[in-house]
Amino acid sequence: MKVLVVGAGGREHALIRKIKESDKVDSVACCPGNGGISYDAQCYDVSATDIDGVVALAKEIKADFVVVAPDDPLVAGMVDALNKEGFKTFGPTSAAAIIEGSKVFSKDLMLKYNIPTAEYKVFDKCDDVITYLKEKNEFPAVIKADGLALGKGVIIPETLDEAIAGVKEIMEDKIFGASGNNVVVEEFLTGPEVSVLAFTDGKCVKPMVSSMDHKRALDGDKGLNTGGMGTVSPNPYYTEDVAKECMEKIFVPTINAMNSEGRTFKGCLYFGLMITPKGPKVIEYNCRFGDPETQVVLPRLKTDIMDIFEAINNETLDELDIEWDDKACTCVIMASGGYPKSYPKGIEITGLENGQREGVIVYHAGTAIQDNKLVTAGGRVLGITALGNTLEEALEKSYAAVNEIKFDNAHYRKDIGQKALKAKIC
C-alpha cells in the first residue's frame, strides 16, 4: 500500500514511523510534513486544512489509504470528502468530529447520556459569564472556548480578576477567533489526570495503553498552558479497577451515545480523564490521536497498525486482538525558547544524524531543512522518546539524549514523569 498521512507535527511523525513498520506498506507520503518527517516520508507542500488540495494529492499519488491526523481538517470534513472520492481513510467524519469541535456539544452529550463529567454552564455573552462568576465566586474555575484552539482554549483562573480578564480575552478580544463565541464554565475537579486513546469502529471500542501528559510550560506544573511538554506511559493512576469503571461508565456509553445521535465515530477517540474522589470523569474528548500522547503510546504497539486501520474501516475491530509492549515509554519535548508565546525560528539543531539519535526515537514536531541543515520551525520542536524496562530507565534515556541534542535557547521541562514515579512509590 501507499499511505498518505495528513499533518505536520510530532503526532504525525509517530504515526508515520509506526505505519512504516507494517509489511503491508510500500511507501508513505505526508502533507505538509516537516524537516524531520522528510527523512521517513515523501513530503508534499499541501496544507493539512486544504481539503480540495489533499483530495487532489491523494488522486495524484494514487494513495491506497489516507490517515487524517489533526483536528481542524477532521472537524471541517476532510474524511467525508475523501470517502466521497472512494478513498479508504482513518479518522472520523465531520458529524462525529464535533465531539471535539464543540465543547458545548460534548458537554450536552455527556449530560444527556449520563456520562460522568464536571458540572457546567454555557454562555454566549461576556457580561453573563462575568455575572455568573461573580455570583458563584468559586476558584479555581475552568473556562473553555467552545471551538478548536490548538489545545490551548482552556483557562483555569485562580481569582475573579484573572477569570474576568480571561473571559474578555476569549469572548471580546477573540484570541481564539470564532471558537470563543461561546464558552463553557465548569466546576474545578481534583485528582490525577489520565489520557486514554481508544480505537473504535463505531461498534467496538478498544482502549490503548494509558499515558500522562504535562501541559504546563515550566517545572512543577507552573507557567502557561501548552500543547504538552512531555508524556509518560503507562499512567500509574490508571489501575485495572479504574480501567474497568471507565469502560463501563465512559468509553462504551460514549460510543453508544454518538450512535444514538446519528454521529457514528470511527477512528481514534481521545478521553481526557480526571480520577476524582467520586470516580473517573471526562475532562475532554478529542476526535484524534493526542499530541504528545501518541509519541509514547504507539512505540508500545506490537500489532500492525494497518491491520487496525483496516479493521476500523471494515467495522471488524472486534475480531482483532491488539497487543502492547509491557515496557514504559517517555517523551520529553524540546521547545523553542519563548514557547508557548513568541519564539524565533530557523535555529540550527545539532546532535542528530538523519534526524535521529541512537538509543532513542526523535519525533519531529517543528523542524525544517534549510541550506541542507536541520533547523527549528515551530514552538514544540522535538519529542525525545525512549522505551525502558522501567519508567526510570526510559526517562534516563530520554534525558541523556536531550542533553546531547542542541539548539540555541532550547526549552524543556526537567521533571517529566516525576509525578508518575512518586505515584508508584506511594
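Tutor: Lys-419 has a relative accessible area of 40% and is therefore partly exposed; buried means under 20% relative accessible area, exposed over 50%, and partly exposed in between (1.4 Å probe, protein chains only). The model is predicted, so local features need pLDDT of at least 70 and side-chain atom pairs count only at pLDDT 80 or more, while totals for chains, interfaces and linings use all residues. Residues are numbered from 1 along each chain as its sequence is written, and side-chain values use heavy atoms, with hydrogens and water left out.

Lys-419 meets the side chain of Asp-221 in a salt bridge, 3.0 Å from N to O; the term denotes a side-chain nitrogen of Lys or Arg within 4 Å of a carboxyl oxygen of Asp or Glu. Because Lys-419 belongs to helix H13 (residues 418–425) and Asp-221 to the loop between strand E13 (216–218) and strand E14 (222–225), the pair ties together parts that are 198 residues apart in sequence. Helices (H or I, at least four residues) and strands (E, at least two) are DSSP runs, numbered from the N terminus. Asp-221 is likewise partly exposed, at 31% relative accessibility. Salt bridges with shared partners join Asp-221, Arg-413, Asp-415 and Lys-419 into one network.

The whole structure contains 23 salt bridges. Among them is that of Arg-288 with Asp-71, whose closest N and O atoms are 3.5 Å apart. Arg-288, in the loop between strand E17 (279–286) and helix H10 (294–297), is 217 residues from Asp-71 in helix H3 (residues 71–76). Both Arg-288 and Asp-71 are buried.

The aromatic rings follow. Nine aromatic pairs are counted; rings of Phe, Tyr and Trp (its six-membered ring) pair if their centres lie within 6.5 Å, and planes under 30 degrees apart count as stacked, over 60 as edge-to-face and the rest as tilted. One of the pairs, Phe-199 with Phe-289, is edge-to-face, at 6.1 Å centre to centre and 75° between the planes. Phe-199 lies in strand E10 (residues 193–200) and Phe-289 in the loop between E17 and H10, 90 residues apart. Phe-199 and Phe-289 are both buried. Ring pairs also link these two residues with Phe-65, Phe-90 and Phe-309 in a cluster.
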